[in-house]
Structure formats: structure tokens, C-alpha cells
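Subject: Structure handover

Hello,

Please find the structure below, followed by notes on what was found in it.

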Amino acid sequence: MYDVAIIGAGVSGTLIARELSRYELKTIILEKDNDVSNGTTKANSAIIHSGYDAAFGTNKGKFNALGNPMFDKLCNELDVPFKRIGSLVIAFSDEEMETIKELYDNGQKLGIPNLEVIDGEKVSEMEPNLSEEIVGALYAPTAGIVNPWELAIASAENAMENGVELKINAEVIDISKVEGGYKISTSDGDIEAKYIVNCAGVYADKIHNMVSAPTFKITPRKGQYYLLDKSAGNTVNSVIFQCPTKMGKGVLITPTVHGNLLVGPDSEDIENKEDVETTSDRMSFVRQSAEKSCKKIPYREVITSFAGLRAEPTGGDFIIEESKEAKGFVNVAGIKSPGLSASPAIAEYVVEILKGIAGKLNKKDDFNPIRRKVIRFEELSNEEKAELIKKDPRYGRIICRCENITEGEIVDIIHRKAGATTVDGVKRRTRPGMGRCQGGFCGPRVMEIIARELGIDISEVVKSEKNSKIITGKTKDNSVYNEVNEQVVTVNE
Amino acid sequence: MLKYDIVVIGGGPAGLAAAVEAKKNGADNILVIERDRELGGILQQCIHNGFGLHEFKEELTGPEYAERFIDQLKEQGIEYKLDTMVIDISKDKVVSAINTVDGFVNIQARAIILAMGCRERTRGAVNVAGTRPAGVFSAGTAQRFINMEGYMVGKKVVIIGSGDIGLIMARRLTLEGAKVLAVTARSPYAGGLTRNVVQCLEDYNIPLLLSHNIVKIVGKDRVEGVYIAKLDSKKRPIPGTEEFYECDTVLFSIGLIPENELSVKAGIQIDRNTSGPIVNESMETSIDGVFACGNVVHVHDLVDFVTEESRKAGKSAAKYVKNELKKDGPVITNKAGNGISYIVPHKIGVENLEGKIDLLMRVRNVYKDVKMVVKADGVTMKEIKKKHLLPAEMEIIKIDSDLLSGKEITELSVSIEEV
């Protein structure tokens, strides 16, 4: 029997797994998809909010304020790129400036450091590409940007290095009470665990209802985004929010941690928990809304668009507590924005909850918080590049020419714990296919490397899920051609 | 540091022709750098025929066409490196490249020829709604899978965009046993050459849906189908005209973009219309001694034209290293007038002209019974009557050097006028 089973390998589940791996516990993560970080974590605004927004007295406010300062150490330990670039909430009228002041006051109550209300002139100094009609803004220097899926992947890897098990393609179908814990039936066999942590994202209500009468509902709230080429990445220098109004929160414009530009999201409550389709009307809406903040977004540099689902809970606040009906079953549900920003603090809190339930948890002596460094070839100096290729010639072969990703980097991330097994998995971990050609050139080469390293046939390589094969078969059998060709060569000699 | 007179970046048709021509014109110490595993570039995956009608007066396949130049390159003993990626070019013409054998190398060049070609526009760039399943390919990637790797990419296919690669792939997939349900074109005319529409679609009864476009991709893991709608005169989908095509694969053939990341990094000026470097009569870019040719400058219809343009670049680079390229003479600026989207070259240094200069250009729309008018500082120099003009087909106007030399012309414009 496992001590803890975590359901869901998003950023909540993987960070909780890593926190638990500090203790003498047998922990497993169950993930329904073919890779970690495949749900909400892979498609959101990728922002570490400073924390002034969520109301004082809520879980959202509390954990955002606690989570934000944890990112420097966390990302350093896990070798995940993170930049504190600050954020602006921009206002276009005196009325909106009132809201800005309210946000400032809320931030003061929550203890958010260094907030500043600035005037339009200062805004245009900081962000010369924004609208000239801006009258002022709330400046929050502690806001940051990170790649959420890289964070989740890195936490999963580090957790596994410290003994946590991961089971992918294991969808939880049923949970029943057994002596001393629970039996969890999955699409890939049954396991037993004393405690369960429910981090199932938009499915958290469904999982919770397996052990309890319904107490909350999770509504998927879809948001759609544009991602622009790196050449557009310096359109803005910080995260640009619009002032929340009765009409909604508006869309944001931000550089990503890898230097692209992200524009979005809209907000739409939907029924289907798998619906990540983009739609043309919503995409136009995003564009129109962003126009208000900045008229200089170069949409001809768009490289892709995508949609993600936020897990919107009834009540609107994070649900982080032991189920009233099911002892030892802890919900981490409704982790919508600012969930990413709050996630490290939530993870620590969940450990406290489990300590409360279990009585005491014993720390391990040999926990290693440091993830082995990832080599990012493009970022090395010329001397370092030369040295590296000498040591391992696979770093001398560029596979992704848009992002200058080498074969060495791809091989490395395939063989790490929680490593990549799919084309999208490679893309999310080390970026080939993330650039402007969107995998047009490197796709076949990446498939070749995956097949070789995993010892499978190239026709078995998938894009993401188990049924997403890329190749549908061989072209006409050309073995005869090869034979004939050999004969011709022999005759000519 | 390694030293070469000329470093050619790219071993496709442009780079090969430029290198061979530079050698023929007296440059000695030449290196061609190719990122792929073989020379020849995209020609190696273009196994259909139709190449070389202008250049060799016969129809060759892509690999055959490439081979003729590869043979010449080898005969002339020009050095080349395969599987080698140039990662940087400095203003003083130091080329940094890496491969698995030499590691990281810096190469000092006296002249550089950029011949990196182009890449395909993707589904993401045109922002098609729907899901992101497996089975969505750009046409060229599918072509590589089928023709070079030996794998099929699908069984029931819809091809979006009627550029030449899309048309060729419609036939190729059909010959490999796949069913091509339709090829769409946003315009009321096909994007590719007429001969390809006839030989690749009509001969195989593949429907060409003019003024249609994809509006949505359906399918969770693998493509399950696409919605295609009719477009109005402004190329917007007409609500209610969406039709569902059940398929497992979508190919996008929606245009090519010159690949100029290296050029931009080096600080070379780029023309927004071509997305390629601004070049002069010698195919020299805004950086002294850096030349460019082929699809990295502007996307060509025929490899034969790439070859011709690249010879010019090769010859100019050879002149440059021999200090024979003239610098300070009078310069004419070419201006794309009414109906013309761009003209290459952008500038003409009159003193370097030999015999004639070719002005390569594309028109913005379909025109019937018009004339192309060349004016020198507003005065008509040449008129060419045209029955048909298509954006898909590059137009070439030849101008005699005598008309330009010693005439103190500052601007040459081409525009389309009614007859």
C-alpha cells in the first residue's frame, strides 16, 4: 500500500509530490494522460502574479502572497527559467483609477511588497508601445513569468529522483474505501493508498464524488491565446493587465520567459472538460480587446494559437482541505488563477494537512532538492559550446533550427525521470517545434531520435496521446528497388 | 580560425549554383555549408519532374537537377560541410558554425553568400480554429516524410492552399494510394502554376475548391475532419456555407517565407514585402561583401530562375574578392508601382551592369489585357502588353544596360496600366 496517491500530474500534483518526497513516504502520482503537465498547466498565462488581486481573506489571496516569493529558490533548485519582470494594471479613466487604488489597498492588506500607483507618463516611459490614452497604472515589480509546464515537468523529475513513482495513462475510474485507506481503480490496474490528494484539475469534482456526496462543482472556463514569434517578444517589457471592470478582467499582453509574446485570454464557461478548441469569434475578441492596451502587436508574427481550461470552482475560491466525508482524502481543487503563483505555497500547506491527518511525518536525510542542470545550448558562450561538443558530439548537431536545439539536449530530456516519450513531450521540455516553423523541419528528425532512444519503430511515435500516431504506414514497399539498385551498381563496376 | 575567400551558407540549388559560378569566375577558396545530411536542399524531396526546362532544355526531377550541380561542385573541387549549422554571422564576416565532427568553428570569410532558402507558413500562422491533433502537416514536411523517409502521412487527405507544393502533393498522395478529397484556394484562382493544376489535380479528378478555406479542424488525438467554407469577395468565410470533410490528415500549402534569421541577426536590411534582404544588381545585401540569392531573397516559382539569380550572386562575390566590384557609382532605386508587390533587385549600381539587368517581380492581383510600364524618373522607358498576369507567376522584365548607363536616372518604376 502506498502512503500517498496524488491524482493528477499538473503543477499542483507534481509540486505536492516533490514536497512529499522530503519525507519517508511511499508516494505515487496517477495521471490519466500520456505525459505530465498535459491539462490546465500546459495552457495558461504563465504568470506569477504579485498577489494584489485576490481578495484579502481568501485562499487565493493568502496562497498567492505566500507563493510568489518562493519562486526564486524553487526555480533555481529545479533549473527552470523564471524572470521577475513586473506587471502593470493599466487604467484609461478616473473611474478605473479608483479600481487601481482598491487593488493597491487590497495588496497592502495582503502584504504585497513594493506596489506603486503610477501616472500615465511613467507608464509610457516604461512601456512605450502601449496606448497613449492610459492615465495611470498599478505597478507590481514582484510579478514574474515562468513556463508552467517546465515547472511541473521539473518537479515531477525531482520528485521521482527522490523516490516518488509516476504512472501515466492511468485514469482513475473508481475509488473505494478499504482497511487503512483506499483502493483506486485505474485504466491501468488497481493500487491502494492510505491517503489521496486530489489534484485532478477540471476533473477534481468527478474524483471527489467517488468518495463523497458532491460538495462542489468544477466548471471548465476556457481561455484562448495567441503566441507570437520571438521577434515580437519585446513589444512589452512587463505583464500588461487591463483594469478589471464589470465587463470582465480583460486580456493581458506579456512576454514569455523564452522571449515570445503572449496575448489573451478570453473567458468562456463551457460544459465539455476536454474542449480545448480555438474558435475564430473568440480569437477575434481577444485581438480586439488587446487592441485597447496596445495597437502595435504585430499579428503577422503569430506562430500559433491555443486554448486552455481553468478549473472554476463553485464559491470561486481554492478548495484545499480534507474531505468532510472521506478521511484521508485531501482536495486541492478549483486551482484556477492565481493557482500557478500559489502552487508552491499550496504544496507546503498540503504537507501540513497530511501531517495533521497522519500525526507525524519523518523527514528523509537524503532528500536532494537540486535537479540536474539542463544544458541549454543556445544560451552558452562560444567557448562553452566548443567545449561541450568536444565532450559529446551530439551537441554539435542542431535539430531545431528555429530555436537552435541540439540532438544532445533532446536525448537528455528523453532519458531523464518523467522524460519525454512523445513529440509534444520533447517540444514542451526542450522546445523543438515551439518556434516559427512549428516543427515543419525538425518534426521528422525528432521522431527519429525518439524512436532510436526508446527502441521503438518510428511509426509508433506519437504526437501526444496514445492514439495520436503521426505516420500511417510505409510508402510502397521499396525493398525490390534496393535489390535492383545493388545489381545495377555491381554491373557498372 | 579557418579562412575562406567565399563562404556559401546553404547547399541547395541557390548555394550550389553560386559556389560553382564563383569558382568559374576566379574565386578559389570556397566553402559551402549545408545543415542537412546531403547537398541539394529541398530539391532532393521533389522527386517529380518539371525542373530544368529553362536551364537544361529538358525535364528533370528535383534530385536529377540537384545532381548536375553537385557533380559540378565536386568536379571543381569546391569544399563543403554537411550536417553543419551556421549559428551566427558577424558584421566583419566571421561565420560561426557547429557540427559533430569539427565541433564549434569560426570561419573568417572575405565574402559570404546567403542561400538558406525558405520555410513553409504553418497552420499556426494563419490561425485556423479547432483542435491540435496529429495529422496536421505542412505540405513540404509531408513531402519529406513520403519521398525521403518512406512513410505515409495519411489515408484521407484535405489540402489547404493551392501553392505548387500542395498541388504536387495531391498527386503524390494519390499515387501512393491515399484519397485526396479536395484542394482549397482562398483566391478565385489557384496559387500554383497552371501546369500543376492540370497535371496534378485535373488528371486525377481531384476537386479544386476556389474561393474556399478551412474554418475548423476537428479531432482529439488524430484529425477526424475539417470544416471548409466558401469565401466572399473579401476572402471572409460566408456563414452557412461550411461543409464537413471527414479525413485523417490536413496538409497546409499556404506559402513560403524566406528564412532570414541569420541575416537579421547580422544586421542586414530586410524588405517587408519579400521578407528577404534588400539587394542590388550584384545581389549584394546592405552589408558590404555579403550576397544573397534564391528563395532566401524572394520566393521563386522555378528552380531555373533560382539558378540564374544565384549565378549572378556567385559571379559578383568572385568579383568582390578580386576587388573588381565597383562601389561608388550612381545608384538607381527600383520602385514597385501600381499593381506590383515587389521588384528584385531593389537597387541598381549602374557601373556593375553587364549587357542587361533582369527585374524580377510579382503582381498583386489577376490582370487581363494590361500593360506593364517601366518608367525612368517618371518617363516611360518600356511597355510590355500582357494578356494575363497572375500573382502566382513571377514576371521578369529585361532592361538593356545601355538604357541605364550614363543617363543619370535615380528611380526606375514598374506599374500596371490599362491598355
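Chain B and chain A bury about 4200 Å² between them, of which 53% is on carbon and sulfur atoms; buried area is the accessible area (1.4 Å probe) that two parts lose on being put together, summed over both. Of the area that chain B buries against chain A, 14% comes from B:F104, B:R132 and B:Y151, more than from any other three residues. In terms of contact (heavy atoms within 4.5 Å), 47 residues of chain B meet 48 residues of chain A.

This is a predicted model: local features need pLDDT of at least 70, side-chain atom pairs count only at pLDDT 80 or more, and totals for chains, interfaces and linings use all residues. Residues are numbered from 1 along each chain as its sequence is written, chains are lettered from A and ligands numbered from 1 in the order in which they are written, and side-chain values use heavy atoms, with hydrogens and water left out.

On the side of chain B that touches chain A, helix α4 (residues 139-149) of chain B gives the largest share, four residues. Helices (H or I, at least four residues) and strands (E, at least two) are DSSP runs, numbered from the N terminus.

Strands

Strand β23 (residues 473-474) of chain A pairs with strand β12 (residues 151-152) of chain B in the antiparallel sense over two bridges; pairing requires at least two bridges found by DSSP. Here A:G473 stands opposite B:M152.

Within chain B, four strands form an open sheet of mixed pairing in the order β10-β16-β17-β18. β10 (129-130) and β18 (243-246) of chain B are at the edges with a single partner strand each, so one side of each is left without a neighbour in the sheet. β10(B) pairs with strand β16 (residues 212-218) of chain B in the parallel sense over two bridges, and B:A129 stands opposite B:K216.

Regards
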